[in-house]
Amino acid sequence: MKKYIYVITTVLLIFIANSCKNEDFLYQDVARIRIGSDVSLTRGSDSISYSFVSYNKNITFDTIHVYAYLIGKTENYDREVKLEVDVARSTATSPHYVLPTTYTLKANSNVVTIPLKINRTADLTMKGVRLYIKVAESKDFKIGTNEENHLKVAWSDVLQKPNNWDTSLMEFFGSYSLVKHRLIIDATGIAEFNYGDSNGPNWSEMTNYKRLAVALLLKYNSENPANLLKDENGVLVIF
Amino acid sequence: MKIKIFQILFFVGCILSALNSCVDNNINSTFNDVTSFDVDTAGWYNKMRINTYYKGDTIKANVTLKNAAGNENMKYYWLIYSTSYSQVTEGNKLVWPPADTLSKKLSLVAPLMKKPGFYYVTLVAENLDTKRMSITTVPITIKNSIESGLFALEEINGNTDVDIFRSERMAMGNPIHLKQYYNTAFGHAMPGKPQYLAVSNDLPYLYLFSESEGGRLSSADFSLMADFSQLFYNAPSNIQVEGYLNANNTEFLVNNGKLYSIYTNKANNLKFSSPIAGDYSMAPWMPSQTSDYAYIDGNWVLLQNSHMVVYDQKYQRYLQIPASNPYAAQFSSFKTTTADAPFDVNNIGKKMVYGEYGFNSSFYSIFENSTGQKSLYLPNFTTIDVGNFSANSGVIPMDQCQNIANAKYYGVCGAGPVLVYATDNELYAFNYQGNGTSNKLYSLPSNLKFTTIHLWRPGGHPADSKIIWAGVWDEAAQKGYVYEFEISPSAGILDSSWADMIGLQVDNPAIFDGFGKIKMFRFKL
């Protein structure tokens, strides 16, 4: 008989245990923020490398979107997101960028876009700068995961002589100078020409680029007859 | 019996004489029995002459010999050579190039792989025994378009189309008149009034533009190869095509006073590069030849100073793309003109109203000064630059030419010192080596007007510089005509010698109807 009681009790306990309702899994931690940017810029990493070189000289700034993502539940009220710059890990200073460090995550939303404005200052033609942005604790949010609690942005405007200038491009553009290279970029929108590669421009296309550059040079010189375009060595730019 | 010596000698002498006479008789008999032969031209000669061929076509001739019997040991060869057959440079010498051999059989079956143009095909038949030869020559035309002939750019009901026309006087195949060929190909005319028709006999396409659209068309079937925007790496904002020339391995296109180019001997996408840079506004005319051979120090030397020469209307001067830098991105001036030169190519100071390469290697340039006076300049740009391009002559006044102030259309001879011009109603010829005046060739009735003229310069054709076609328009009846004139390029008068020579009974001018309002003519092989 004892035997039967133990068996029945065990079976009953099993039924009781299985009859308990399962509760949903809920985020139990405090609300946090992680940051990132466009995958086309980060390529899945925590870094962005940007160059102004290919842009016409009239382009003086650009904007990189920093996305602050919510880790946790949405709420029906606005909350404060804070970012800060790690100065020790940065070389960019205030003329180089504008970054609002406090932003609002709107009610019922889980991401906010923070614009990082990077400026094309003159010193960038000599040397690039970098900016280390990280999540800061705010009254509403703690810092998120280590892998995504920061974003590194580097930018420059440093021109470099293309490797194939002497072998392939001299036929069209003549001898190299930084000023001439900048002129070509302003005229064509292209910094490097893979002429000679199977998927590169052909001779006729290169001739077209040359004519665009020459047209721009002549225009500049006609508008500045007393100050014809010279390169960094003081030599007149010719093609 | 003694046989006397003299009897022996006599006997031997008789035998020898008999032998000699027999030999003599055999030779005489052989000579008298040779049968002359000739090539029978029936059935193939005229057919070959009036046919036109595409490059790659097979040319055939089923030929027989007259008096074939007795002419068995024969050799045959068919040759083909250009009608403008001339010497070419080989090393330091000028030599006659060998003609190409099409076949070595009596009957001909051979592919024609020559580029489009006018050629002679010659059959040489030789009896190897007698060394007698028979030579038969027939002219043929190799074309590269749907039809070769005169392409007339015309306005039909405010839109653009092309008629293709060939007359008997052209002696290049059966006469034809294909009307509104663009409509035939596309089902409708090209929208917009006609603007420009550009052709080259070396290329398998042409360019057709109205005021609102246009592009590159295959000359085989008029199919569209590229529209206006696709013709350029950086297309201009407006269609304003004014001139075209294919020369020196370069297609030159003038749009809104700017010069665009495709270098056909370089890798390209059949797109025109951005225009030659600089502050200029180009006249639409360019010389089709900027080089020539000269015999210097015992050698034939090719002289070429310029890859191309243009006239800048804005600063009223000639400019060049130098031959030493044919891919230059901007124009260059010429050397400083010498003090004894009758005119300064770097500073003409007048507006060009017409230009065309012509007689004596001159770039005929008709200028108009600020008071409307016209004059003819004849610079020769086929020589090297020594500061004086006016070796042919100085400035030739045209103010004594009849009605020159109203001249609208021009044509230049290559075979003589004559240019022609037309006003609204009258056609004139001016011989610049004459007395300074022009002579009237023709007057239209008052209800008709000239809309264009074209002096035929096909190069290598025996009628070169002898035929003028004029577009004529009857505004009241809304009907268009082609008037075909034949002139003497040396005398500058109406002259039907060519038509007479080829056995034609045609008027001068001959009048053809069934056209729209013709804006320009272009000849296409």
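**Exercise 1. Classify A:Lys142 by its accessibility and identify its salt-bridge partner.**

Solution. In this predicted model, A:Lys142 has 34% relative accessibility and therefore counts as partly exposed, given that buried means under 20% relative accessible area, exposed over 50%, and partly exposed in between (1.4 Å probe, protein chains only). The partner is A:Glu137, with 3.0 Å between the closest N and O atoms, where a salt bridge requires a side-chain nitrogen of Lys or Arg within 4 Å of a carboxyl oxygen of Asp or Glu. A:Glu137 is likewise partly exposed, at a relative accessible area of 46%.

The model is predicted, so local features need pLDDT of at least 70 and side-chain atom pairs count only at pLDDT 80 or more, whereas totals for chains, interfaces and linings use all residues. Residues are numbered from 1 along each chain as its sequence is written, chains are lettered from A and ligands numbered from 1 in the order in which they are written, and side-chain values use heavy atoms, with hydrogens and water left out.

**Exercise 2. Determine which parts of chain A are tied together by the salt bridge of A:Lys57 and A:Asp186.**

Solution. Begin with the pair itself, whose side chains meet at 3.9 Å, N to O. Next, place the residues: A:Lys57 lies in the loop between strand 2 (47–51) and strand 3 (61–71) of chain A, and A:Asp186 in helix 4 (residues 178–188) of chain A, so the bridge ties together parts that are 129 residues apart in sequence; helices (H or I, at least four residues) and strands (E, at least two) are DSSP runs, numbered from the N terminus. Finally, consider accessibility: A:Lys57 is exposed, with a relative accessible area of 52%, whereas A:Asp186 counts as buried at 12%.

**Exercise 3. Describe the interface of chain A and chain B by its contacts, its buried area and its polar pairs.**

Solution. First, 12 residues of chain A are in contact (heavy atoms within 4.5 Å) with 20 residues of chain B. Second, the buried area, which is the accessible area (1.4 Å probe) that two parts lose on being put together, summed over both, is about 1,400 Å², and carbon and sulfur atoms give 56% of that area. Of the area that chain A buries against chain B, A:Trp203, A:Asn208 and A:Arg211 supply 50%, more than any other three residues. Third, the count of salt bridges between chain A and chain B is zero.

Key: Polar contact = N/O pair within 3.5 Å; in protein donor to acceptor, adjacent residues only side chain to side chain.
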